[in-house]
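Dear colleague,

I am passing on the structure below, together with some notes on how parts of it pack. Please read the notes with the coordinates open beside them.

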Amino acid sequence: MTHRAARSATETTHTGGPVAPITFEFIRDHPRVRLYVRMADAALESIGYTEHGERHVGLVSRIAFNVLKRMGRPERQCELAAIAGYLHDIGNAVNRDHHAQTGGVMAMVLLREFGMSDEEILPVIAAIGNHHENDGDPVNDLAAALILADKSDVHRTR
């Protein structure tokens, strides 16, 4: 998938059809997202934290998706939870303290640049900004699923 300029939720393509939603696969495979995830993991590794790289964010994405899916939420809401899961730790590339809030702002910039609507961006960044147990709350279903998913990663590297 190619890069898309920011568009509103009501815009259409040049053929008159609706703008396709940003998918989890687009986010996961985007070179900038992959770089942010790798840099966040490297920053944490340098200060002695456990693994927070592609394995972790991939697992968190799958768990967040499945939590909402099993609760009977709409497929798109499940996919937004997976997107939040994949992006939730990118703020660690800046600083460990308040990484959730920093990551929410970073995700907002990315998602807006990719053309996601504000109606979808806002619950995703709220989930990211509230996923850390010290200073976050389950402010929406995505946030609740993300919190559960993040804390469910008990791999030996963590």
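In this predicted model, helix 3 (residues 54-70) packs against helix 7 (residues 141-151) with the two axes 8 Å apart and at an angle of about 130°. The crossing in which helix 3 passes helix 7 is right-handed. On the side of helix 3, the contact is made by His56, Val60, Ile63, Ala64, Val67 and Leu68, which meet Asp141, Leu142, Ala145, Leu146, Leu148, Ala149 and Asp150 of helix 7. Sorted by class, this contact of helix 3 with helix 7 comprises 10 nonpolar residues, one polar residue and two charged residues.

From helix 5, the residues Ala100, Gln101, Gly103, Gly104, Ala107, Met108, Leu111 and Arg112 meet Asp118, Ile121, Val124, Ile125, Ile128 and Gly129 in helix 6. The residues of this contact between helix 5 and helix 6 divide into eight nonpolar, four polar and two charged.

Turning to the aromatic side chains, the structure holds two aromatic pairs. In one of them, the ring centres of Phe24 and Tyr86 are 5.8 Å apart and the ring planes stand at 80°, so the pair is edge-to-face. Phe24 belongs to helix 1 (residues 24-29) and Tyr86 to helix 4 (residues 75-87), so that the pair links distant parts of the chain, 62 residues apart. Phe24 counts as buried at 14% relative accessibility, and Tyr86 likewise counts as buried, at 3%.

Phe26 and Phe114 also form an edge-to-face aromatic pair, with 5.0 Å from centre to centre and 85° between the planes. Since Phe26 lies in helix 1 and Phe114 in helix 5 (residues 99-114), this pair ties together parts that are 88 residues apart in sequence. Phe26 is buried, with a relative accessible area of 6%, and Phe114 counts as buried at 0% relative accessibility.

Terms used
Residues numbered from 1 in each chain as written. Predicted model: local features only at pLDDT ≥ 70, side-chain atom pairs only at ≥ 80, totals over all residues. Heavy atoms only, no water. Phe/Tyr/Trp six-rings, centres within 6.5 Å; stacked < 30°, edge-to-face > 60°. Helix = DSSP H or I, 4+ residues; strand = E, 2+ residues; numbered from the N terminus. Buried < 20%, exposed > 50% of the residue type's maximum accessible area, 1.4 Å probe, protein only. Axes fitted to C-alpha atoms, helices over the stretch in contact; angles between N-to-C directions. Left-handed = near helix turned anticlockwise from the far one by under 90°. Contact = heavy atoms within 4.5 Å. Nonpolar A, V, L, I, M, F, W, Y, C, P; charged D, E, K, R; others polar.
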